[in-house]
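Please examine the sequence and the structure before reading on.

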Amino acid sequence: MPNAHSLQFEDIVRATESQVSSRLGEEVAILELDRGVYYGLNPSGALLWDALQKPVAVSALHASMIAEYEVDNATAREDLLKLLEQLRAAGLIEICEERAA
C-alpha cells in the first residue's frame with residue numbers, strides 16, 4: 001500500500017522492481033517502467049541509489065550521508081527524507097514489510 005505512512009528512520013526501504021537504472025558518470029538515470037518516466041540523480045543521490053538496490057534502513061542511509069559529506073545531522077536527515085519521499089512518490093522505492101531493529 002504506497003504512501004500508507006511517512007517514512008521513518010526505522011523503516012527498511014529498497015528500489016522497486018518497476019524500474020531500471022544506469023550510471024552516467026557520477027550520476028544515475030532511472031526509468032520508471034509503469035509510466036515510462038525518466039529521472040536523474042546527482043552524485044550524492046546516486047550514492048544513495050546504489051545502497052537502495054537491496055533493503056536498507058533509512059537510518060543506515062543517513063549514517064552514510066554523514067560519513068561521506070560535510071553535512072550536519074539535521075540537514076542530512078531533512079534532505080534524505082525529502083529525497084526518499086520523492087523517490088517513493090515516483091514509484092522508484094518502496095518500504096519493505098520488515099522494520100530495522
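## Helix packing and strand pairing

In this predicted model, helix 2 (residues 58–68) packs with helix 3 (residues 73–89) at an angle of about 125°, and their axes are 10 Å apart. Helix 2 is therefore oblique to helix 3. Two such values are given because two packed helices are described by the angle between their axes and the distance between the axes. The crossing in which helix 2 passes helix 3 is right-handed.

Which residues bring the two helices into contact? On the side of helix 2 they are V58, L61, H62, M65 and I66, and these meet N73, A76, R77, L80, L81 and L84 in helix 3.

Strands of a sheet pair through backbone hydrogen bonds, either parallel or antiparallel. Here, 3 strands form an open sheet in the order 2-3-4, and their pairing is antiparallel. Strand 2 and strand 4 are the edge strands, each pairing on one side only. On average, neighbouring strands of this sheet are turned by 20° against each other, direction ignored.

| Strand | Residues |
|---|---|
| Strand 2 | 19–24 |
| Strand 3 | 27–32 |
| Strand 4 | 37–41 |

Strand 3 and strand 4 pair in the antiparallel sense over 5 bridges. Which residue of strand 4 is the bridge partner of L31? That partner is Y38.

Definitions and conventions. Residues are numbered from 1 along each chain as its sequence is written. This is a predicted model: local features need pLDDT of at least 70, side-chain atom pairs count only at pLDDT 80 or more; totals for chains, interfaces and linings use all residues. Side-chain values use heavy atoms; hydrogens and water are left out. Axes are lines fitted to C-alpha atoms, for helices over the stretch in contact, and angles run from 0 to 180 degrees between N-to-C directions. Helices (H or I, at least four residues) and strands (E, at least two) are DSSP runs, numbered from the N terminus. Angles under 35 degrees count as roughly parallel, over 145 as roughly antiparallel, 65 to 115 as roughly perpendicular and the rest as oblique. A crossing is left-handed if the near helix is turned anticlockwise from the far one by less than a right angle, and right-handed if clockwise. Contact means heavy atoms within 4.5 Å. Two strands pair if DSSP finds at least two bridges between them.
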